[in-house]
Amino acid sequence: MTGQEMAFLALGAIAAAGGVAVVTARNVVHGALFLVAVLAAIGALFLLLGAEFVGWVQILIYVGAIVVLLLFGLMLTKAPLGRGALDNQQRGIAAIVATGTFAMLTWLVWHAFGDERITFVRAVRTADIGNALFTSYVLPFEAVSVLLLAALVGAILLAKKD
Amino acid sequence: MVAVLLAHEEAHATAQAAGFFAGNAWLIPALPFVAVGVIVFFGKRFRGKGAEVGIAATSISWLLSVIILVTRYVGGGGPVVLRSVRWFPLGRDLGLGLGMRLDGLTSIMFVVVTTVSLLVQIYSLGYMHGDRRYTWYYAALNIFTGSMLNLVIADNLMQLLIGWELVGICSYLLIGHWWEEKPNSDAAIKAFITTKTGDIPFLIGVFVLFAAARTFNITEIIHQVEDGNLSHVTLTAAAILLFGGAIGKSAQFPLHVWLPDAMAGPTPVSALIHAATMVTAGVFLVARLFPVFEASPQALNEVALIGAFTMLLAALLAMVQDDIKRVLAYSTVSQLAYMMAALGVGAGNAGIFHLFTHAWFKALLFLGAGSVIHAVHSNNMSEMGGLRKFMPHTYRTFLIGSVALAGIPPLAGFWSKDEILTEAFRVGARTIPAHGSPVVGSIVYGVGIVTAFLTAFYMSRAVHLTFQGEYRGHGRPHESPATMTGPLWVLAGLSLVAGFAGFPGWQKGFGAWVGVGGETRVPEAHLLLIAVSVVVALAGIGLGRALYARVPARDPLLRLGWFHTLLVNKYYLDEFYMRGIVRPIRDRVSAAIGTRKGGGILRYLQSGDVQRYAAALFAGVAILAFLFTKF
Amino acid sequence: MPAIDYHAVAPELILSGALIAVLCVDLFLPEKRKAWNSTLTALGVLGALGALFTLVGERRTTFGGMFVLDSFSLLFKFLFLAVAVVVVLMSADYLNDSLRSSQGEFYFLLLSSFLGAMLMASARDLLMLFVALEMVSVPAFLLAGFRKTDPRSTEAALKFFLIGVLSSAVMLFGMSLIYGVAQSTNLAEIGAALKARGDDPLVTASIMLILAGFGFKVSAVPFHFWAPDTYEGAPVPVAAFLSVASKAAGFAGLLQVAFLAFGGQTTAWGPGLAILSVATMTIGNVVALTQTNIVRLLAYSSIAHAGYMLMPLGVVAGQGAAIQRQAFAASLTYILVYSFMNLGAFAVVVAVGRKRPWNLISDYEGLSEREPGLALAMLFFLLSLAGIPPLAGFWAKFLVFGAAIDSGTAWLAAVMVLNSVVGLYYYLSVGAKMYLRPAEDPSPIGVPVPLVVAIAVALIVVVAVGVFPDFFNHFAPGATLIAL
Amino acid sequence: MSLAWVLTLGALLFSLGIYGVLARRNAVLVLMGIELMLNAVNVNLIAFDAWIRQGNATGQIFALFIITVAAAEVGVGLAIVLLVFRRRETINVDEVNLLKW
């Protein structure tokens, strides 16, 4: 087992355990904090897989912005505590669906990619990403900028009191 | 639009040879539609509020129809004129066209439709005078006329279907013309639902034929049937399914229940749509596709038996009605059943001949009834009586219509009814080869005779209750204006003479003009059968006179006891449909899918709970996965 | 670095310019002049339309194959811009009440969504498709909740948002797997890679996940549950937008993905889509029968119509090029025709809603007396939706029917015919209410000019296409993505 | 390193996200579930990208776009949730059901 594999296992374990904790936590704030752990582990995993820029963006945007937003949301809406208050009636169905999905997807990916290995991992330079983003991907980039603007304007409009 | 269509025309060779009028027969259905446009947009600016536009257009159509009939078909027929423009080509072999198929059947129907429509429009000048939706009424009448003519001229089933649906829509609109009163709009909705029930098998039948023949073109379908390209099973299925539509439109058992209620519409509308034209569309359909039916003895027998059953059933109901329009409505159901039965025993020409004569005297009777209703402001015969003195023109013409319907020679009804009975008898006696079964022929003859007796009886009853004795209503009735009595006399004249068109033994008579299914059988007289029919009809009239000459305080039919109750309640069919079919289905459907009141699947799924929607989404993905990977 | 073909994206550029302009100009408009926003928006859309006309007949590729302008995308772009004009006309009057002060934002969001739809028609790359899809959806989530004071509107937004985000997550998972299998996000390259790879359960599973995402967008059963709730709660012009432009955008994406990327896998998704389409049309029609709210009725009707549009895709499995092209054209035509008839019906709903904001079907009683023209227009739209000849809806159904017959799946054609009959009942029951029942309040409604124009545009298309169905033959088969 | 292991992690996170979306009644927790699902997609993309070793790093760029769009969605989602809270005093999604049938 290489060092890279060991690191992956550790990060994967954190992400998996954190994921389970997020969806079962009885306290919403704890849930959000577990989410931080998952997102950070995934960010680290990206770094491990050579996606440096994406890894840092993941940590910055998810941990730095999205989770904070979610926490604000929780605070503003006075979320109650306890399983009864946080879970609905179809927990059983949800568990079945989730388990089934996991089993099926796992079988599918092992069936298709069971023998494939990520042999050589070269880090993609941030400059390359930037280059690609502003040449071939400039159209979706601009489109996303409009999308962000729309989300911003709309969100403010809906959320503001009047 | 017409010009554009013509530019793309693929004219058949026959069109050139057909001469101007026959080649341009498409003008006949087109003109009323033009009139509709003018009436809708400019109608209210005319002095006659649009009525004159409709009348003018219909007059031209009528004139063309008569010219075509007289020049081409009276005296032995002419070639079939086919002409079509491609409207919408599609795919490999699908394609739609607007086309015309002008043959004897079409030209007879043209004359019937345009004549009755014209007379009804003239009559309505008086009858509908001052109506709040007068202009709209004329527009609707003209849409109806155009659509009916389009149905008749159609050379392909799609075009026929368009006309079929349009006449249906006009019918509902006109039944509900005075929709401010709820029973009227209920009647319109009932008519819609009932006839649509028949239209579902009809639609499927059209598609079965299409799927088998791979064309909508009627001429080509008939060719394929005659060449034996289509299997017997397909044709039987198609014929029986198509007949479903005919049952709905022509108000045959078990879908006859809408027609009596349709009398909620204005009386001229009843005369036009629910007596002379639209309701005959079912009969026309069977005649138009007669080779399809002929190829399947089972289907023919079904047509004959439904016809025989309906004629008796409806005639019995007509005996006990108090509403004069309902007497006529049930009578119409019964007479349409005669036509169906005739087609069912293979006597297509006789059936269409009866359609032709029936149109005149039944339209006459309806318009006469309308004239009476106009005078006494009631539909009920219990509030009439003695009108003979007040309304001499109406009385005389109504009497002529009644006698014609009862089947007394030499009036129109006698000839056509007798031809049907003679043909049925001969099929029963195996003296002519027939596609259906001889037993069925005998049944049709037997039931036909009984029905003829009943017909004479109820018409005699109606005439006595309405015109004889003392006036029992309110106010002082008066004769209707000339715009109303004029059409009555025209129709009375036609009722007197129309029967001679099919005079037995005349080689070039009606059967030769029309030739349903390409057959031109010359009607034969059978003196014994004629004697039986006449005696039966006279007996019916006599019984009516005996019972109702002096208006009895208590209807003598009450002596029939439970049977009378059964008839008054229309065999409880409406209740049966409501309680046995409509309500259980409606309740079960609404329970199953759930409504705002009940529970059910819908209530569970569309619960408003978004997470249940999400669960359904994943269920959908799972189902897709199952379908896709075919585990 | 590839040069950018600015001409090819000119309509989109004009539209983006317009949306920025609306946002900025709105800041300086006094309360009384807020209506200028709609004029500005309409001008922007018309400008884009003008730019689009200069591109007719062109075939251009730019941004490294990510953006393609061909007859397919042109057709959809014309549709979207035409729909945009009508929606703006519908909104102009609707926004004159409590929403008056936020008109600028409304049009801004509307234009953003339309911009997404425009991009969708040209997107030939999974990444671009995803971004375009989100661009259609995200502003739409916000628009659905635009009536902030109405709890039904906020609920509509919440449901729409949750289901929308969920299905895009599902779709993205499928896209990530496809990326892994095909090693590309370009649709044509994916198509080639998948053809070479052959049958693979992972590929079929990914296709299904992606189709689920589009199933949400076009509101196919069982991804449709959000639609009735959202349409009912959202402002009516937004519901019209969702049921027409958003659905058409979904179909634009679906057609591209299905035929370009998964064209070799028709036997995998064809039968599944056939069953989906049957379920969609049946459930939509049957449930519509029990509705009392006109918008909800139209919502279920639009679900049923999604079924008709999907049906041609269900018959292509294992068929030759000719049938595929025919099916493709049938689906495309149906979308075009449906857009106008449905838009027209919604425009009438907006008009009637001026007096009766609850949009009940019973509000239509006696409409023929109150507003004869409006009632007649509505009757035409309903009859067209029902597929009564000779209106446009009939030909659309006829084409779909023909595709089913020619591909030998007559049972689908039969199911469709039966469904059309069911549809007839509820469409005509509204018609019967308008013409056969007395009005509770006989006073006329008063239809403002923009709405009249909106209704007239839709009506002209519905009637003209009905009378001259040949119109389609000029471009529908030409707009074939599949170079067969 | 085996590709399938990373993909399995993706599948696991995706399934956990589904569970969260279906079983949690608090709207913000539902949003967290969706974030988990989107992250699962990113894990897949980055893993494939590393495995493919193509020059233009399509997978990474795709992941960047997803992160951006996810941020926009969370913003919009929270705005809607706040709006619902203001009208209803609750953000339990199973209690938001005025519209049904």
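Guide: In helix α11(B), the residues B:Leu242, B:Phe243, B:Ala246 and B:Lys249 are in contact with B:Ala281, B:Gly282, B:Leu285 and B:Val286 of α14(B) (contact means heavy atoms within 4.5 Å; helices are DSSP runs of H or I with at least four residues, numbered from the N terminus). The model is predicted, with local features needing pLDDT of at least 70 and side-chain atom pairs pLDDT 80 or more, while totals for chains, interfaces and linings use all residues. Residues are numbered from 1 along each chain as written, chains are lettered from A and ligands numbered from 1 in the order written, and side-chain values use heavy atoms, without hydrogens or water.

Helix α11 covers residues 232-249 of chain B and α14 covers residues 281-288; their axes lie 7 Å apart at an angle of about 155° (axes are fitted to C-alpha atoms over the stretch in contact, and angles run from 0 to 180 degrees between N-to-C directions). The two are therefore roughly antiparallel (an angle over 145 degrees). Their contact comprises six nonpolar residues, one polar and one charged (Ala, Val, Leu, Ile, Met, Phe, Trp, Tyr, Cys and Pro count as nonpolar; Asp, Glu, Lys and Arg as charged; the others as polar).

Chain B holds a further helix pair. The axes of α13 (residues 267-276) and α18 (residues 348-376) come within 8 Å and cross at roughly 160°, which makes α13(B) roughly antiparallel to α18(B). Among the residues meeting here are B:His274 of α13(B) and B:Phe366 of α18(B). By class, this contact has nine nonpolar, five polar and one charged residues.

Notes
Parallel < 35°, antiparallel > 145°, perpendicular 65-115°, else oblique.
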